[in-house]
Amino acid sequence: METCFTQNNNGRRSKMGWGDLGVNGEPSRETPNIDKMATEGILFPDFYSANPLCSPSRAALLTGRLPIRNGFYTTNAHARNAYTPQEIVGGIPDSELLLPELLKKAGYMNKIIGKWHLGHRDQFHPLKHGFDEWFGSPNCHFGPYDNKNRPNIPVYNNSEMVGRYFEEFQIDLKTGESNLTRIYLEEALDFIRRQKASQKKFFLYWAVDAVHAPVYASKPFLGTSKRGRYGDAVRELDFSVGEILKELHNLGIAENTLVFFSSDNGAALISAPTQGGSNGPFLCGKQTTFEGGMREPAVAWWPGSITGGQVSYQLGSLMDLFTTTLSLAGQHPPDDRIIDGIDLSPILLQGKVIDRPIFYYRGNEMMAVRLGMYKAHYWTWTGSWAELKQGINFCPGQNISGVTTHDQREHTLQPLLFHLGRDPGEKYPINVPSAEYQEVMPRIISAVKQHKKEMVAGEPQLNVCDLAVMNWAPPGCKKLGKCLTPPQSKPWKCDWPH
């Protein structure tokens, strides 16, 4: 790579599903810019997040390591999804080396725009972990809150807050109108222009969350999609991707810039259809380790270096972006820890395919593993019966007996085995006595044995909650007259129901 490295993780905004792209078969075809990006680059149909939930997935992207290694999991209960709401005490540990920290050694300017989600307390902020600039929020755009029992989420410009969601940064829950995506787009374009003017190499992490419930879009896009409000948000994100790629061409730096589009977990079917997307032919969605929860849309674009019109069936992971980015920037990943991400540059530049397993984790448990076209479930669980009775269903309309279980069911002695080519929806387990099962499982068992032998779990960061650590008085609040008084500290063991 030459002068610029942009990793526009446009898809790193939460909850966009594999099936939301026209190039992946979405019938409305409302993602023309991302679809064009795929025709000019490489489409990855077999690309995965490292977790079926946002915070752990983002931690894995920026460290190149599974959440079980980097601490973004909980041990409060078995196989529970945990993340970073504003009452969480923990965050990304100082012992973890993040991608922007390592890129800085190679002279890169690094900016994150949008949702951080790796800890909202000051010591966890992105500017403490390698980013030079930040415009966005530490948490999801939930609210509004009363600023008494719970504060509204702050929006930061670098190290200080410049307002709060539902106050200075409005989201109309009734109409879905918000200018946030437009603001984030302008921030991206401004950053790119400044780096071009100063001849600086750069890394841009564009982590917008418009398709995370409550979904939003700006006025020009509201009511324009055949898919409702969620589709409006997708259309604005697609427009923004197009504007960023156009600006790279206009500035004459497109051929020096790799752009990678993906998402941090599958579409949230619990919010569908008005507030959630599509996972295409795959089973279930966000929160689960079925394909719909972790298989992601993924496109790589690099004019002049990547031959357009390719489809790569490489098994890929968001963690690979860590290792690949460092490789293309002429840097080496740290050698004092296990890095789970592999270098995809031979795939991007030479069309090769590398044999590797994909491990599916939910909290502190390895739930499944994929090797080649085969996927073996060692545990199955969608959500509890108690939650299902409350209407909380992560697999609506997809009840498969013995597979989408509502109790945590262990299959370690005889894993459920699926061929994802013949059966992408994980509906038909291969019979245990069959020759196919008996031939495939020893290879998978060997990969799992090696993986567990090398596993050293990190200190769990998502075990402790405390109302006193919420966003009561973020840096910069005094200037705005928006400091709030925190309650007395009373930490407790966080409850993660699923």
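1. The axes of α2 and α8 cross at roughly 20° and come within 6 Å of each other. An angle under 35 degrees counts as roughly parallel, so α2 is roughly parallel to α8. On the α2 side the contact is made by A60, L61, L62 and T63, and on the α8 side by M319, L321 and F322. The crossing in which α2 passes α8 is right-handed. The model is predicted, and these values are computed from it.

2. Helix α8 covers residues 319-328, and nine of its ten residues are buried, so the helix is largely enclosed by the rest of the structure. The buried residues are M319, D320, L321, F322, T323, T324, T325, L326 and L328. Among them are M319, L321 and F322, which also take part in the contact with α2.

3. The surroundings of α8 include both helices and strands. Its buried residues pack against the helices α2 (54-63), α4 (99-104) and α9 (345-350). They also pack against the strands β2 (47-48), β8 (259-261) and β12 (316-317). After α8 comes G330, which has a positive phi, near 80°.

4. α5 passes α6 in a right-handed crossing.

5. The residues in the α5 and α6 contact can be listed by helix. From α5 come T181, R182, L185, A188, L189, I192 and R193. In α6 they meet E236, L237, F239, S240, E243, I244, E247 and L248.

6. D20 lies in the segment before α1 (32-39). Its relative accessible area is 2%; the cut-off for buried is under 20%, so D20 is buried. The D20 side chain makes a polar contact with the side chain of R227, at 2.7 Å. Leaving aside residues up to four places away in sequence, D20 touches K15, E26, T31, R227, Y230, G277 and S278.

7. On confidence, the protein chain has a mean pLDDT of 96, and 97% of its residues reach 70 or more. Residues 1-14 are a stretch to treat separately: pLDDT stays under 50 there. For that stretch the model has 94 contacts beyond four places in sequence.

Conventions. Residues numbered from 1 in each chain as written. Heavy atoms only, no water. Buried < 20%, exposed > 50% of the residue type's maximum accessible area, 1.4 Å probe, protein only. Helix = DSSP H or I, 4+ residues; strand = E, 2+ residues; numbered from the N terminus. Contact = heavy atoms within 4.5 Å. Polar contact = N/O pair within 3.5 Å; in protein donor to acceptor, adjacent residues only side chain to side chain. pLDDT = per-residue confidence, 0-100. Left-handed = near helix turned anticlockwise from the far one by under 90°. Axes fitted to C-alpha atoms, helices over the stretch in contact; angles between N-to-C directions. Parallel < 35°, antiparallel > 145°, perpendicular 65-115°, else oblique.
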